[in-house]
Amino acid sequence: MIHRKPPLDRRSIAWLGGTALAIAAWFGIYGQLKPFSEWAVSHMPLAPGSHAAEAITFFIYDTPKVLMLLTLVVFGMGVVRSFFSPERTRAVLAGRREGLGNIAAASLGIVTPFCSCSAVPIFVGFVSAGVPLGVTFSFLIAAPMVNEVALGLLFALVGWKVALTYLVFGLTIAIVAGWAIGRLHLEGWLQPWVREVRAAESDLSDAPMTVVDRLKAGLAAMGEVVGKVWLWIIAGIAAGAFIHGYVPAELLAQVMGRDAWWSVPAAVLLGVPMYSNAAGIIPVIEALLGKGAALGTVLAFMMSVIALSLPEMIILRKVLSVKLIAVFIGVVALGILSVGYLFNFLFT
């Protein structure tokens with residue numbers, strides 16, 4: 001006998017319709033964030049193009065952007081988790097398949113052109129869903145650092161050889177760094193509330209769920225995660241907006257233009273407090289190269305800006321312990337330093 005699924009009742013249809021309208025409104029509002037930020041700043045007593053105007057425009061645009069991304073992604077992850085148990089997810093990605101999981105996560109990052117803070121919402125969703133920690137870090141590193149925007153702009157600026165080399169070594173950093181963090185088994189260094197979320201989801205039963213149940217699960221996940229990290233997100237973006245508007249490029253060129261062994265680590269240290277996405281930092285890279293900065297040093301700076309930004313660390317502090325953030329910074333910084341020296345050697 002063939003068992004057919006019962007037709008949706010009115011309550012389920014109402015929930016689906018409401019969800020569809022909410023998602024449509026989300027995309028409508030998201031598409032207007034950039035013009036709204038520019039319009040809002042234009043009505044403020046600020047000189048166009050001034051440091052203050054750039055910083056405030058950045059803050060007005062990025063704050064709702066990141067919060068909206070966080071809301072949508074965590075809601076979606078909550079719904080998805082209602083279909084697949086955390087145990088099944090970990091069985092697919094952990095253990096002997098963990099290396100493949102790192103490759104898959106890093107490859108996913110290539111097609112997600114997010115800045116570091118925008119990648120954090122997806123990272124939070126992965127972590128709370130029980131995906132192995134090392135796999136989530138592979139995505140977190142690759143998403144801002146290796147994407148089609150960075151590759152396309154690098155290709156136009158310095159040619160396909162540099163762009164291809166950047167792709168290979170950027171992915172290598174993301175995969176190896178994530179794998180190394182995973183091998184350390186540092187899940188105990190997650191914040192307690194994240195461990196509680198993961199543990200609670202491990203106890204979910206396999207009882208059948210209705211459409212409404214699944215949508216409610218998404219809303220519950222959204223309230224749980226967003227409610228705990230939104231203040232940290234705003235604090236991180238505020239720091240990034242200040243840096244974005246006020247840090248001079250001339251000082252950076254003076255340091256990275258020197259032919260010394262310490263120029264690469266100095267560039268990485270200078271890049272960590274910065275905050276930008278790949279598209280935003282490429283014009284700075286072009287200016288630095290035009291002033292004589294070494295290619296590897298400049299790329300190390302770019303990678304540190306978009307993979308190790310201070311605002312990103314501030315946001316991650318709500319999810320990760322200080323010790324785990326330190327391990328993340330150390331492993332990624334080591335990879336970036338290697339790439340910087342290698343590029344200076346290959347493209348002298």
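A residue is called buried when its relative accessible area is under 20%, exposed when over 50%, and partly exposed in between (1.4 Å probe, protein chains only). The model is predicted, so local features need pLDDT of at least 70 and side-chain atom pairs count only at pLDDT 80 or more, while totals for chains, interfaces and linings use all residues. Residues are numbered from 1 along each chain as its sequence is written, and side-chain values use heavy atoms, without hydrogens and water.

Helices are DSSP runs (H or I, at least four residues), numbered from the N terminus. Helix α9 covers residues 160-183; at 1.5 Å a residue its 24 residues should span 34 Å, and the end C-alpha atoms are 34 Å apart, which agrees. The expected span is 1.5 Å times one less than the number of residues. Buried residues in α9 include V162, Y166, L171, I173 and I181.

W160, also in α9, is exposed. W160 forms a nonpolar surface patch with F155, L164 and V168, with about 430 Å² of accessible area together. The largest share of this patch, 3 residues, comes from α9. Such patches join nonpolar side chains (Val, Leu, Ile, Met, Phe, Trp, Tyr) within 5 Å, from residues with over 30% relative accessible area and no salt bridge. Areas come from the Shrake-Rupley method with a 1.4 Å probe.

H185 lies in the loop between α9 and α10 (192-202). Its phi is near 50 degrees, a positive value in a residue other than glycine. Most residues other than glycine have a negative phi.

| Residue | Relative accessible area | State |
|---|---|---|
| T63 | 11% | buried |
| W160 | 51% | exposed |
| H185 | 54% | exposed |

T63 is in helix α3 (residues 51-81). The T63 side chain reaches the backbone oxygen of F59 at 2.8 Å, a polar contact (a pair of N or O atoms within 3.5 Å, one able to donate a hydrogen and the other to accept it). Leaving aside neighbours within four places in sequence, T63 is in contact (heavy atoms within 4.5 Å) with I234 and I237.

The structure holds 1 salt bridge, defined as a side-chain nitrogen of Lys or Arg within 4 Å of a carboxyl oxygen of Asp or Glu. The side chains of K65 and D62 meet in it at 3.0 Å, N to O. Both residues lie in α3, 3 residues apart, about one turn of the helix. Both K65 and D62 are buried.

Conventions:
Helices (H or I, at least four residues) and strands (E, at least two) are DSSP runs, numbered from the N terminus. Patches are made of residues with over 30% relative accessible area and no salt bridge: like charges are joined within 9 Å, nonpolar side chains (Val, Leu, Ile, Met, Phe, Trp, Tyr) within 5 Å.
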